[in-house]
Amino acid sequence: MSEFLLSNPSLDELYLSDNPFNEQDIVYIADALRHNTTLCRLDFRFRDPPTNLYLLESAIFDSTSLNAAYYSNHHCRLYLDGYDRMTSIDYKFNTYREPKLNRQKKIYTLLSKRNRCRENASFFEQDGIGIKYIPQILSLLKPFSEHHLHHYDGIRGEDEVKPLSIAYEIMRDWRMPELYNLDQMDED
């Protein structure tokens, strides 16, 4: 199954209900899902679900870093019936037809989560995000501003903050001398 998904077949939907998947099968399917760009729906129904189904969710939205979120699968919508989700991912992802919007939603969600504790700037350091990427990151927030929500049928989650709050936090807490190239100005 995982080799089939890795080959990126022209398959839109895959229903794998009531199949006896074990823990190792889920590892392989999750790995394949990270690389598949054609599958739009993966549907599992379990009577006795494996304990590592969180790996499938992680393939859809890896929230460990901005880079991991960026490289998650933005095409496939995951349905896991019979699985009591105990993870911290409380959102429905890959609901937009455009993978670009799905990617933006995940990055916005991750920035919102970090914004509540004013942690974005420190995570940029950990994630290895340089100052030159800040304008691009801020532009990813645009579809979730008040003005654009109606264009994308977007609904901000209860715990997601307004994009302006994220932008303000980043600009306030980021390394200002580097932002304004003050070191370079001193040399001139």
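Me: What makes Arg-118 count as exposed or buried?

Reply: In this predicted model, where local features need pLDDT of at least 70 and side-chain atom pairs count only at pLDDT 80 or more, totals for chains, interfaces and linings use all residues. Residues are numbered from 1 along each chain as its sequence is written, and side-chain values use heavy atoms, with hydrogens and water left out. Arg-118 has a relative accessible area of 51%; exposed means over 50%, buried under 20% and partly exposed in between, with a 1.4 Å probe and protein chains only. Arg-118 is therefore exposed.

Me: What makes Asn-94 buried or exposed?

Reply: The relative accessible area of Asn-94 is 6%. That value falls under the 20% limit, so Asn-94 is buried.

Me: How is the crossing of helix H5 and helix H6 classed, and why?

Reply: The axes of H5 (residues 99–115) and H6 (residues 120–127) come within 9 Å and cross at roughly 125 degrees. Angles under 35 degrees count as roughly parallel, over 145 as roughly antiparallel, 65 to 115 as roughly perpendicular and the rest as oblique. H5 is therefore oblique to H6.

Me: How do you know on which side of helix H2 the buried residues lie?

Reply: The buried residues of H2 (residues 23–35) are Ile-26, Ile-29, Ala-30, Ala-32 and Leu-33. They cover an arc of only 165 degrees around the axis, so they lie on the same side of H2; the arc is that of the directions from the helix axis to the C-beta atoms.

Methods. Axes are lines fitted to C-alpha atoms, for helices over the stretch in contact, and angles run from 0 to 180 degrees between N-to-C directions. Helices (H or I, at least four residues) and strands (E, at least two) are DSSP runs, numbered from the N terminus.
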